[in-house]
Amino acid sequence: MMKTTTSKLAVLGIALVVVLVILPLIFSGKLYYMGVLTTAMALSIAAAGVWLTFYIGRINIGQGAFALIGGYACAILIMKAEMSFWIAMPLAGVFSAIIGVLIGYPILRLRGVYFAMITLSLTETARLSAQSLSSLTGGAKGIINIPLPGALEIFGFTLIPDFSTIDSHLAFYYLAAVLLIATYAAMYRLVNSRIGWLFRSLQQNEDLASSIGVNIAMLRVIAFAISSFLAGIGGAFFVAVQQSVYPNTFQVQDSVYFMLYCFLGGLGYVFGPIVGTFVLFLSFEGLQGLNEYQPLVYSVLMIALMLWLPNGLLSLGEGRRDKAARSAASAKDANVADSDAKAKG
Amino acid sequence: MSILEVRQLTKRFGGLAAVNEVSFNVEAGEILSIIGPNGAGKSTLFKLISSFLRATSGEVIYEGENIVSKAPHIVARKGVVRTFQETTIFKEMTALDNVVIAHHLRSRASLAGFYWASRTAKEDEAQFRESAEEILNYLGIGHVGNEIARNLPHGYLRALGMAIGLAAQPKLLLFDEPFAGMNHEETQQAVKQVYGIRDRGLTVLLVEHDMPAVMKISDRIVVLNFGQKIAEGTPTEIQDNEQVIEAYLGREDEEIGL
């Protein structure tokens, strides 16, 4: 017990040093790579939300909608209400979460492919709404020339300097890293607390959960609100990096990718979406040279992964332990079948 | 004293009245069984009482309060808890964790408290674990507490279902066919467990097919046929009731001499 805790802490420490010190040192000045890493981190934040909806047993292909809502909320708050980015970003997350509650409450009672199809259509609905609400969103032209995040001051003490006065690529990298760490620390705690047990009970059997007094409707909405919040934060971050937002900033394709990131990393592991996002997003960037064959190569890879690693990349680490457990379990199954046969005979 | 009063309870599916104006009382501390031939409306009645279905009309009065068509978790909170047939468990959790999670209604800490691991939350969790172990031991399955539930054999799953129901601290426990698919020995064991649950001060209502077990275990029996109550009484009264015999065996047909 002690040992696993220490080794976990060591892994965590090394990961933090790599993310916060080594990677920026290697890639500083190489804008393309810094950009790719920053994007992958921001995508991981929104993917964490999708993972949580999977965790309560719902297939969520609508994360792009909530990222778009968050992105527009942030842009509008900065441009029209002249708010600081540091207030606009959390508000964008909250706004997405509120929309998530309003939409989630009626649709979360659906399951399986029905829920998935509705969420899929949400992304398209969000895009079309952004296009047609042109007085607020600027229509197809979008909102452009959004200023970089300004300084964050508390009691005259500058906590974060104005991004336009420093290396903004590095600044965004660090902002993404901090948000990523905060998101996954919060998720880890959530999943390992009793709330995580309640979410798992929903995933495994909603009827049984409600029969023991669990308010399943409320828990589902809570999970979906957290998911939408994370999408809103991710979307707001993107808009700040690109300094613009268009109806096409997040599309159906993005929603599908968020879902694939979770599949790839493993739906049973809270850090699965990070692994999935990084592997898939970085391999995308790597496969860019293949141009039109990129989706083909990439779909073959995905199919192969799902065939041989249905529990995601992170299940590789459990290989040996799992195998031992599985053979023990199947031995027991055989015993049970045996004794059943005897009982019947 | 009646703990539960079912009054004129009706459920229609389209033109079909699956349960038609059924009324009966459940007395505190008794074991009451609902029986009837296939399609008599037993399961529908069961789901109406536990609020897994909305009634078309009628009332279910529990401790003086109408609970009909409320959300299942609210009914559970008041003390009416149902169990399921054996496949309905949290399959990917250990048997012990199944019962720990079922202590949900006893939580004193809020969700936020559980998130931040407040002192109340820690006390709750320790207490749930202790109580879960006690319940598993009581039902004689304490030794498989750390097994993943889906690996457990049939009889153990049934007991686990009961354990989950008990953990929710009901006053009225509804059993959905607790003896279905069991051999004689397993049924004997399950009958003992149901008696044990009643001795813990609970009232038991069960829906069951297994006639010998029902006759043995019940204080009173309610018989349904085609959605209507055709008889109510002690096991001996039911055994001698002509309408019941007719419902199960069919009427004698004089013309063809059967």
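Student: How many residues are in contact between chain B and chain A?
Tutor: On the chain B side 34 residues are in contact with 28 residues of chain A, contact meaning heavy atoms within 4.5 Å. Keep in mind that this is a predicted model, where local features need pLDDT of at least 70, side-chain atom pairs count only at pLDDT 80 or more, and totals for chains, interfaces and linings use all residues. Residues are numbered from 1 along each chain as its sequence is written, chains are lettered from A in the order in which they are written, and side-chain values use heavy atoms, with hydrogens and water left out.

Student: And what area do chain B and chain A bury between them?
Tutor: About 2,700 Å², with 65% of it on carbon and sulfur atoms. Buried area here is the accessible area (1.4 Å probe) that two parts lose on being put together, summed over both.

Student: Which residues in chain B lose the most area to chain A?
Tutor: Phe90(B), Leu111(B) and Tyr115(B), which together make up 25% of what that side buries.

Student: OK, new topic. How many residues does the largest nonpolar core have?
Tutor: It has 147. A core is a set of buried Ala, Val, Leu, Ile, Met, Phe, Trp, Tyr and Cys residues joined through side-chain atoms within 4.5 Å; buried means under 20% relative accessible area, exposed over 50%, partly exposed in between (1.4 Å probe, protein chains only). Phe199(A), Tyr261(A), Leu160(B) and Val194(B) have the most contacts inside this core.

Student: Which helix gives the largest share of this core?
Tutor: Helix H2 of chain A (residues 31–55), with 16 residues. Helices (H or I, at least four residues) and strands (E, at least two) are DSSP runs, numbered from the N terminus.

Student: What is Val194(B) in contact with?
Tutor: Skipping neighbours within four places in sequence, its partners include Met162(B), Phe175(B), Phe179(B) and Ile217(B).
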